[in-house]
Every structure is written in structure tokens, then in C-alpha cells.
Protein chains: 2
Amino acid sequence: MTTKETAEAFTAMLKAGDHEAAATKFNADDIASYEAMEGPMSVCRGRDAVRAKSDWWYANHEIHNVTSEGPFVNGNQFLVEFAMDFTIKATGQRIQNSKEWGLYTVRDGKIVEERFFYPAM
Amino acid sequence: MTTKETAEAFTAMLKAGDHEAAATKFNADDIASYEAMEGPMSVCRGRDAVRAKSDWWYANHEIHNVTSEGPFVNGNQFLVEFAMDFTIKATGQRIQNSKEWGLYTVRDGKIVEERFFYPAM
């Protein structure tokens, strides 16, 4: 698969709400995932670690709505824009109209890096 | 300067409309610039080549409005979202509400790579 084909198939699954299945299908074994923060938690490596981070996020946030726009491809990378409406379970704080971007790097039809951009919390 | 400081200073100049001065101040001598297209025009290298591409773009498009949102920092990279309203001079076609994202990579307070993402034309 080309980067464009990978990007379109992956994003179509996100748009359909199949976030977990998309990660299972497209994340490379050695994927690296970078959050926009300082320190050792900013990166996690490997399918299992990325899956655990995702599970943690979904367990600690109540999702009211997510929309995904894209993909926007450039070379071996593509960008997806997410608009989210969610509540942080620990505090009850609801965050509407938050935007976030995922930048994905593709190698041989698999996502080898994901890097997220969003406003400073 | 840290990546965050560089990102904020650069984006502040974009928001003030000082696009050219921002590039002059922050682009590294060996900057690489990647457009979202196939072929040899997809990349240009060096301050002068990037400046020429920018000059070409501004000469061939009439800008009605540009807004810049960000920066959104992750590690040594940051993202800026642009919303543009412009007319392609050659065709007279006006494109309103177009969105584009610039992904910038920083080294030693200078931008060493810029990569643009936008809907396929």
C-alpha cells in the first residue's frame, strides 16, 4: 500500500469510530507515539505500550463526540484533524470544541510513528 | 532558544503578517521545504530556494485574508494552522475557507524543515 492508500484506509476506520481496530490493523510492531509534553511519559514505544496508553485514555474520559478530518498526505506522512467533545471523568470537566492533530509516519503500509499536537493544557 | 520559544516567536510574526521577516529570521541556511505533491517540485532546499518558492506563491495569488492558529508544540516540532481566503490570479478562482497546516522542525532555534499539509487540489 502507498502512504496515500494507508492514510485513507486508516482514516476511514477512524471516521467509522473503529479507532481500536484501526490501530490493530495499521500500527507497526515498533511504533513510537509522542505526546506534546515534557519528560519520560512523552514517548511510548511498541504496539502494546501504545495500546495501553489508548486504553487508559478511553477509560479516563467520557467521549461525547469525535469527528476526524483528512487525511492530508505529504510524502510518507499524513495529518488527521480531530474535533472532540469529552469529559474528564476525574474532575467532571467537559471540554467541547477541542482540536487535536495526529501526524502519522508510514513505512511499508504500517504506521511507525504517531505524534499528537494540541493546545497546551 | 527552546523549540517552544522559537515556535512562539515565529508564529507571533506570522500572526502579525510578517511572513517574509519570520522566514528571514528563523529559516536555517539548509532548510528543506516539502509540499504535498509528487515529483521533483515536492521538495526545495536552502534559504534562497524556499524564499523563491514563497515569492512565486505571493506573486501568483491575491491574498484576501490569512489567519494563523498555534503554535502547537511536540518535541522539536510544532504545528501552525492557517485559514486562507485567496484568489488564484491565473484563473480568477477564489478559494475561501481553505485550511492548511505547516509542520516545522527546529534545531538550535532555527527551522530546518517545513512540511505543508492541505486537501488534495
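User: In this predicted model, where is A:Asn97 found?

Analyst: A:Asn97 is found in strand β5 of chain A. That strand covers residues 94-107.

User: Is A:Asn97 buried or exposed?

Analyst: Count the C-beta neighbours inside 10 Å. A residue with 12 or fewer is exposed. A:Asn97 has 7, so it counts as exposed.

User: Now A:Asp108. What is its phi near?

Analyst: Phi of A:Asp108 is near 55°.

User: Where does A:Asp108 lie?

Analyst: A:Asp108 lies in a loop of chain A, between β5 and β6. Strand β6 takes in residues 110-117.

User: Next, peptide bonds. Which residues does the cis peptide bond in chain A join, and what is omega?

Analyst: Read omega for the bond. The cis bond joins A:Gly70 and A:Pro71, with omega about 5°.

User: Where does A:Pro71 lie?

Analyst: A:Pro71 lies in strand β3 of chain A, residues 61-74.

User: And chain B: is the peptide bond from B:Gly70 to B:Pro71 cis or trans?

Analyst: The bond from B:Gly70 to B:Pro71 is cis. Its omega is near 5°.

User: Where is the place of B:Pro71?

Analyst: B:Pro71 sits in strand β3 of chain B. The strand spans residues 61-74.

Notes. Residues are numbered from 1 along each chain as its sequence is written. Chains are lettered from A and ligands numbered from 1 in the order in which they are written. This is a predicted model: local features need pLDDT of at least 70, side-chain atom pairs count only at pLDDT 80 or more; totals for chains, interfaces and linings use all residues. Helices (H or I, at least four residues) and strands (E, at least two) are DSSP runs, numbered from the N terminus. A residue is buried if 20 or more other C-beta atoms lie within 10 Å of its own, exposed if 12 or fewer, and partly exposed in between; C-beta atoms are placed from the backbone.
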